[in-house]
Amino acid sequence: GINAEYMGTLSECLFFFGSTSSFPRAMIFSLYIFNRTGACIFHHDWHRERAAACGAEEEYKLVAGFLYSLKQFVTSLSPEKEKDSLISFKTSKYRLHYLESLSGYRFAVTTDVGTTAFRDELQHIYSELFLTFVVKDPQYTPGCQVLNPLFQQHVDRYCRAHPMFATSPMSPATPVPYAKKKKKKKK
C-alpha cells in the first residue's frame with residue numbers, strides 16, 4: 001500500500017481530527033466508522049481539543065468525502081492495482097489510519113503524528129469487535145447507526161489499553177530538562 005503524506009494547510013481545514021498541542025500525552029484522538037454509502041455509523045473521541053465548527057453531521061460528511069477522494073487519488077497514482085491503496089496519511093498535527101473491509105465498512109482513526117502504524121489495531125477493531133458486537137447482533141440492521149453499548153465499551157477499553165494511548169514518542173510527556181531562570185538585575 002501507499003502511505004500518503006501531506007504537510008500543509010489541509011490540517012488547518014480539517015482541524016476537527018485533533019491536535020497534539022493541548023493534549024501532549026494523547027495518542028489516539030478519534031475513531032470514525034462509515035458504511036459503504038459514506039454515512040457515519042459510529043464515532044468516538046478520546047482526546048479532542050475542540051468540536052468541529054460545522055457540527056457533527058457536517059463533519060462526518062467532510063471526513064467521508066475527504067477519505068473517498070483521497071482513496072481515489074492515491075489509487076489512481078498507484079503503479080499497480082492494489083486492494084489497500086490508502087493505509088495512512090500524516091499532517092503536521094495528526095496521522096489518519098484507514099481500513100476498508102470487504103463489505104465496504106470504512107474505519108478511520110486519528111492519532112498522534114508519532115504513530116507510524118495502526119493497521120493491526122484497526123483490523124482488530126473490525127474483525128474482533130465490530131463483527132462480534134455489531135454484525136452478529138440480531139438487532140443490528142446492516143449499514144445503520146451502531147448503538148450497541150457492548151461495542152462502545154469494548155472499543156473504548158481496547159484503545160485505552162493500547163500501550164501508546166497515554167504516552168507518545170512525539171509528546172512532551174517525558175520530563176523536559178530543567179531550564180534555569182534568569183536572575184533579575186538589581187537596579
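1. The buried side of α4. Three residues of α4 are buried: F151, V155 and C159. Here buried means under 20% relative accessible area, exposed means over 50%, and partly exposed is in between, with a 1.4 Å probe and protein chains only. These three residues sit on the same side of α4, because they cover an arc of only 55° around the axis. That arc is taken from the directions from the helix axis to the C-beta atoms. Turn to the other side of α4 and you will find R157 and A161 exposed. The buried residues of α4 pack against β2, β3 and α3.

2. A word on the model. This is a predicted model, in which local features need pLDDT of at least 70 and side-chain atom pairs count only at pLDDT 80 or more, while totals for chains, interfaces and linings use all residues. Numbering runs from 1 along each chain as its sequence is written, and side-chain values use heavy atoms, with hydrogens and water left out.

3. Overall layout. The protein has four helices and six strands, in the order β-α-β-β-α-β-β-β-α-α from the N terminus on. Helices (H or I, at least four residues) and strands (E, at least two) are DSSP runs, numbered from the N terminus. Of the 187 residues, 42% are buried. Among contacts with a separation of 6 or more, 61% come from residues 24 or more positions apart; a contact means heavy atoms within 4.5 Å.

4. α4 has 13 residues and reaches 18 Å from its first C-alpha to its last, close to the 18 Å expected at 1.5 Å a residue. The expected span is 1.5 Å times one less than the number of residues. For α3, with 17 residues, the end C-alpha atoms are only 20 Å apart, short of the 24 Å that a straight helix would reach. Do look at L129: a kink of about 40° in α3 is centred there. The bend at a residue is the angle between axes fitted to the seven residues ending there and the seven starting there.

5. The main core. The largest nonpolar core has 25 residues, and F107, F130, F151 and V155 have the most contacts inside it. Such a core is a set of buried Ala, Val, Leu, Ile, Met, Phe, Trp, Tyr and Cys residues joined through side-chain atoms within 4.5 Å. Two or more residues each come from β2, β3, β6, α3 and α4, and α3 gives the most, with seven. Leaving aside residues up to four places away in sequence, V155 touches L31, F42, W46, I125 and L129. Another core, of 17 residues, lies apart from it and includes F34, V63, Y94 and L96.

6. What covers α3? The cover over its buried residues includes β2, β3, β5, β6 and α4. Among those buried residues are E121, I125, L129 and F133.

7. N148, at the start of α4. N148 is found in the loop between α3 and α4, and counts as buried at 14% relative accessibility. One of its side-chain oxygens reaches to within 2.7 Å of the backbone nitrogen of L150. The side chains of N148 and D137 are joined by a polar contact of 3.3 Å. A polar contact is a pair of N or O atoms within 3.5 Å; within protein, one must be able to donate a hydrogen and the other to accept it, and residues adjacent in sequence count only if both atoms are side-chain atoms.
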